[in-house]
Amino acid sequence: MSAGDETTLADIRQRIDSLDAQIMALISDRAACAQEVARIKREADEQAEFYRPEREAQVLRRIHQSNPGPLDSEEMTRLFREIMSACLALEQQLSVAFLGPEGTFTQAAALKHFGHSVKTVAMSAIDEVFREVESGSAHYGVVPIENSTEGVVTHTLDRFMQSPLSICGEVELRIHHHLLSTERDLAQVERVYSHQQSLAQCREWLDARLSHVERVAVSSNAEAARRSAREPGTAAIASEAAAELYGLGVLSANIEDSPDNTTRFLVIGPRSSGPSGHDKTTLLLSARNRPGSLFALLSPFANHDVSLTRIESRPSQCVNWEYVFFIDIVGHAADPPVAGALKELREAAELVKVLGSYPKAVL
Ligand SMILES: C=C(O[C@@H]1C=C(C(=O)O)C=C[C@H]1O)C(=O)O
């Protein structure tokens with residue numbers, strides 16, 4: 001490097017220092033605005049809602065769409081996710097219950113959705129996450145819904161049948177599995193712990209690289225990491241967060257057989273979200289037990305041009321009805337086409353429960 005390069009570097013670093021000072025001043029201005037918003041909300045209503053998922057989704061969408069580069073839009077949006085999280089924490093420190101233990105993918109989903117300025121509280125079962133939010137001990141909860149890793153979808157769906165809570169958000173998370181261990185060498189690994197689903201999702205890799213090694217299924221990936229940390233000669237298949245938390249090294253990264261393995265989570269809270277412009281609605285429906293009843297449930301959506309993105313049937317836990325249907329549709333319950341479909345549906349169905357309208361996941 002020449003003396004000229006050194007001078008240029010010094011100049012650029014000086015510019016970076018000055019930009020950092022400006023960024024800090026701007027973030028502080030933004031934080032002061034959030035405090036002002038909090039004051040106004042508190043004055044208007046003692047039980048004020050500080051967290052506004054629809055507003056946050058709109059802010060993040062705007063950032064995602066208007067990012068000029070060179071930073072990737074996802075990266076820029078993540079930075080703003082954290083700025084907003086810190087601003088909201090000035091208004092109110094949120095507590096978010098999640099399906100634990102510490103280091104699970106559900107915790108990663110909670111932090112992805114709310115940012116790192118919330119307090120996450122580990123629960124040992126989905127039912128406990130619901131109860132923690134129902135009792136008001138936690139403000140919000142995060143539970144897996146379409147989960148290729150923990151295999152608990154039906155549990156979450158069934159719990160909605162008896163819960164007064166609403167869905168106020170969704171989170172999508174790319175699932176990467178890593179082989180974690182305190183050992184430095186694959187040859188030292190004699191046993192691998194993980195959740196049964198994760199073992200299945202890494203089967204080809206395990207067959208190729210660790211075919212001789214015992215595979216032991218445990219209750220969660222985080223539990224696998226916890227055990228492996230205490231037992232020499234073992235490894236766990238789990239997330240990067242679990243590696244950090246339990247002091248394990250990454251022996252081999254991204255060992256999942258299918259690289260685009262995504263899991264969806266729901267955010268549950270006392271009420272659903274306001275309209276953000278790009279929303280989804282989840283409904284719980286049951287039909288009268290007679291021929292053509294499923295058709296009667298679905299035709300109102302077609303009549304009002306509302307798209308269905310998912311339909312799931314579950315045995316009802318009631319004597320009156322045989323099955324209930326969980327249906328995801330595009331749009332907010334307050335959007336005219338959805339409102340029209342719901343009105344028509346209420347005449348045809350035995351039960352129509354709007355589990356929640358919420359912004360489509362931005363990140
Ligand atoms: C500032 C507000 O409150 C919270 C913080 C937000 C932010 O920092 O941008 C956005 C929505 C709310 O969760 C608001 O309601 O506008």
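## Helices H11 and H12

Ala296, Leu297, Pro300, Phe301 and Asn303 in H11 meet Ala341, Glu344, Leu345 and Ala348 in H12. By class, this contact of H11 with H12 holds seven nonpolar residues, one polar and one charged. The model is predicted.

H11 covers residues 293–303, and H12 covers residues 336–348. The two axes come within 9 Å and cross at roughly 160°. Angles over 145 degrees count as roughly antiparallel, so H11 is roughly antiparallel to H12. The crossing of H11 with H12 is right-handed.

## Helices H5 and H6

H5 spans residues 126–134, and H6 spans 153–160. They pack at an angle of about 35°, with axes 9 Å apart. This crossing of H5 and H6 is also right-handed.

From H5, the contact takes Ile126, Asp127 and Phe130. From H6, His155, Thr156 and Arg159 take part. These residues divide into two nonpolar, two polar and two charged.

## Around the ligand

Which residues lie around the ligand? They are Ala34, Val37, Phe50, Tyr51, Arg52, Arg55, Glu56, Val59, Met84, Cys87, Leu88 and Glu91.

H3 supplies the largest share, four residues. By class, the shell has eight nonpolar and four charged residues. It has no polar residues.

## Domains

The protein is divided into three domains. Domain 1 is made of two segments, 93–175 and 262–268. Domain 2 runs over 178–252, and domain 3 over 273–359.

The centres of domain 1 and domain 3, taken over C-alpha atoms, are separated by 23 Å. Their contact takes ten residues from domain 1 and 13 residues from domain 3. On the side of domain 1 that touches domain 3, helix H6 and strand S4 (166–174) each give two or more residues. S4 gives the most to that side, with five residues. By class, the domain 1 side has five nonpolar, three polar and two charged residues.

## Backbone features

Two cis peptide bonds can be described here. One joins Gly69 and Pro70, with omega about 10°. Pro101 is in the loop between strand S1 (95–99) and helix H4 (105–114).

Where does Asn254 lie? Asn254 is found in the loop between strand S9 (249–252) and strand S10 (262–269). Its phi is near 50°, a positive value in a residue other than glycine.

How values were computed: Residues are numbered from 1 along each chain as its sequence is written. This is a predicted model: local features need pLDDT of at least 70, side-chain atom pairs count only at pLDDT 80 or more; totals for chains, interfaces and linings use all residues. Axes are lines fitted to C-alpha atoms, for helices over the stretch in contact, and angles run from 0 to 180 degrees between N-to-C directions. Angles under 35 degrees count as roughly parallel, over 145 as roughly antiparallel, 65 to 115 as roughly perpendicular and the rest as oblique. A crossing is left-handed if the near helix is turned anticlockwise from the far one by less than a right angle, and right-handed if clockwise. Two residues are in contact if their C-beta atoms, placed from the backbone, lie within 7 Å. Ala, Val, Leu, Ile, Met, Phe, Trp, Tyr, Cys and Pro count as nonpolar, Asp, Glu, Lys and Arg as charged, and the others, Gly among them, as polar. A residue is near a molecule or strand if its C-beta atom, placed from the backbone, lies within 6 Å of it. Domain bounds come from an automatic or database domain assignment.
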